[in-house]
Amino acid sequence: MRTGSAPPHEKTGERIPFEHLVEAIETTLSAAGASPEVAAILARNHAGCERDGALSHGVFRVPQHVETLRSGYLDGAAEPGVEVVSPGYIRVDAANGIAQLALERARGDIMRAVEVQGVAVVAIRDSHHHSALWPDLEPFAEAGTVALTAVTGGEPNVAPAGVREPVFGTNPFAFAIPVDGARPLIADFATSSMSFGDVTLAASAGGEVPPGTGVDSAGNATTEARAIVEGGSLLPFGGHKGAMLSMLVELLASGLTGGDFSFETGGEKPADAHSTRTGQFLLVLDPDRGGSGSGFAARAAQLVRTLREAGMDRMPADHRYRARAEAERLGIPVTAAIRELLER
C-alpha cells in the first residue's frame, strides 16, 4: 500500500481537522469491505491515536487493516455474540471480527454488572485488536470506574531470555483510573521492550532502537530495527519480570477467554494479513465500593499530586492529552502516511 519514499511518520507541515481524517479513514475501510459500523469504529479509533500522537497505532495501521480485510482473514461484517453467564461475568464471541465492536456490543451489560455487582469480568474471544488499548478504557474511567485490559499480541515475536524461538506476542496491558479534578490516568504498554509498531516505524526509516530491544535472526543482540523486524525477535521489558507479565497476559487474554495463544496463531493466516485472531480480557469495577472514605478518585488525585511534587513530571497519558489539546486547536499534523491516505 505504501508507495512514497518518506517515512510514514514524517510530518509535512500541513494540518487536517479530526473529522476530516475520520471521514478519509472510514471511506478507505468501507471500500475494503468493512461494514459501516466497523469502519466508523476503526476510523475514530485510529484518527484518535493519530490526534493524540500515538502514530504507531494511527493512520499507519489503516493500510494494514485494508490488506487484512481484503485477504478475507478478518471479517469486516462480523456480528459479535454477547452472553451474560453470571451477574458479573460476560463472554463475547467476536466471530473473527474486531475486538472494539465486540466491546461496544457488551458495553451496556458491562455497566449494568458494575452498577449491580460492583464488578464486571469480560472475556472476548476470536477477536482482532490491531490498535492501542487506551481508547477502549478511557470511556470507563471517564464514567468513574477503574478498568484493566490485556490482549494477546498477535503472532509470536517476543522471546524471553534463553528461549530458542519467539513464543509470546507483544501482549499489551493497560489500566485506566479516574482522578478527581483531572483527566483519567491511563497507562498502555506492551510487555515487550517496545511495541512492534514502533519498531516497524523505526525499521521503515532505517533507524536504530535502544539496546535491549531485541535480537536478530541468529539470536544476537542488535540495535538495528530492521534486523529485529526481519527474522529477529523482540525481548520482554524488564527481563524475567516482563516475561512473567507477558505470560499472565497470554493466560488471561487467551487461556481464560478461549482465544488462541500467540504460538497457536498464524497457521491459516494469509501472508498479507496483519492483525491476528486471539482474545482480550477486561476487568471493570466500581472503586468506591473498596472502602475509600474520601472517594477513590480523590485518593488517586492525592497520589498523583504527591508524585508530581516529588519530581515525577510526566504521568501516564500526559503526552497524549497535550497532543490532543494541540490537535483540537490547530488540527492533526499531516504525516506521509496521512498524505498517502488522502491521495488515495
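Student: Where is Arg324 found?

Tutor: Arg324 is found in helix H10, residues 318-330. Helices (H or I, at least four residues) and strands (E, at least two) are DSSP runs, numbered from the N terminus. This is a predicted model, in which local features need pLDDT of at least 70 and side-chain atom pairs count only at pLDDT 80 or more, while totals for chains, interfaces and linings use all residues. Residues are numbered from 1 along each chain as its sequence is written, and side-chain values use heavy atoms, with hydrogens and water left out.

Student: Why is Arg324 called buried?

Tutor: Buried means under 20% relative accessible area, exposed means over 50%, and partly exposed is in between (1.4 Å probe, protein chains only). Arg324 has a relative accessible area of 7%, so Arg324 is buried.

Student: What is Arg324 in contact with, leaving aside its neighbours within four places in sequence?

Tutor: Contact means heavy atoms within 4.5 Å. With those neighbours set aside, Arg324 is in contact with Arg51, Asp52, Trp134, Glu138 and Arg183.

Student: What makes Met244 partly exposed?

Tutor: Met244, found in helix H8 (residues 240-256), has 46% relative accessibility and therefore counts as partly exposed. The C-alpha atoms of Met244 and Thr191 are separated by 9.2 Å, although the two residues are 53 residues apart along the chain.

Student: What is said of the phi of Asp126?

Tutor: Asp126 is not a glycine, yet its phi is positive, about 55°. Asp126 lies in strand S4 (residues 119-128). Its relative accessibility is 24%, so Asp126 counts as partly exposed.

Student: How do you know whether Asn171 is buried or exposed?

Tutor: The relative accessible area of Asn171 is 0%, so Asn171 is buried. Asn171 is found in the loop between strand S5 (146-151) and strand S6 (172-177). Phi of Asn171 is near 45°, again a positive value in a residue other than glycine.

Student: Now the helix pairs. How are two packed helices described?

Tutor: By the angle between their axes and the distance between the axes. Axes are lines fitted to C-alpha atoms, for helices over the stretch in contact, and angles run from 0 to 180 degrees between N-to-C directions.

Student: Why is H1 called oblique to H2?

Tutor: Angles under 35 degrees count as roughly parallel, over 145 as roughly antiparallel, 65 to 115 as roughly perpendicular and the rest as oblique. The axes of H1 (residues 18-31) and H2 (residues 36-51) come within 8 Å and cross at roughly 135°. That angle makes H1 oblique to H2.

Student: Which residue classes make up the contact of H1 with H2?

Tutor: The residues that meet include Phe18, Leu21 and Ile25 in H1, and Ala39, Leu42 and His46 in H2. By class, the contact has 11 nonpolar, 3 polar and 5 charged residues. Ala, Val, Leu, Ile, Met, Phe, Trp, Tyr, Cys and Pro count as nonpolar, Asp, Glu, Lys and Arg as charged, and the others, Gly among them, as polar.

Student: How do you know that the span of H2 agrees with its 16 residues?

Tutor: The expected span is 1.5 Å times one less than the number of residues. H2 should therefore span 22 Å, and its end C-alpha atoms are 22 Å apart, which agrees. H2 is followed by Gly53, whose phi is positive, near 85°.

Student: What makes H1 roughly parallel to H3?

Tutor: The axes of H1 and H3 (residues 62-71) come within 9 Å and cross at roughly 15°. That makes H1 roughly parallel to H3. The contact is made by Ile25, Thr28 and Leu29 of H1 and Val62, His65, Val66 and Leu69 of H3. Those residues divide into 5 nonpolar, 2 polar and no charged.

Student: Why is H3 called largely enclosed by the rest of the structure?

Tutor: Because 7 of the 10 residues of H3 are buried. The buried residues of H3 pack against H1, H2 and helix H11 (336-343).

Student: And why is H1 called oblique to H11?

Tutor: The axes of H1 and H11 come within 10 Å and cross at roughly 60°. That makes H1 oblique to H11. Leu21, Ala24, Ile25 and Thr28 in H1 meet Ile338, Leu341 and Leu342 in H11. By class, this contact has 6 nonpolar, 1 polar and no charged residues.
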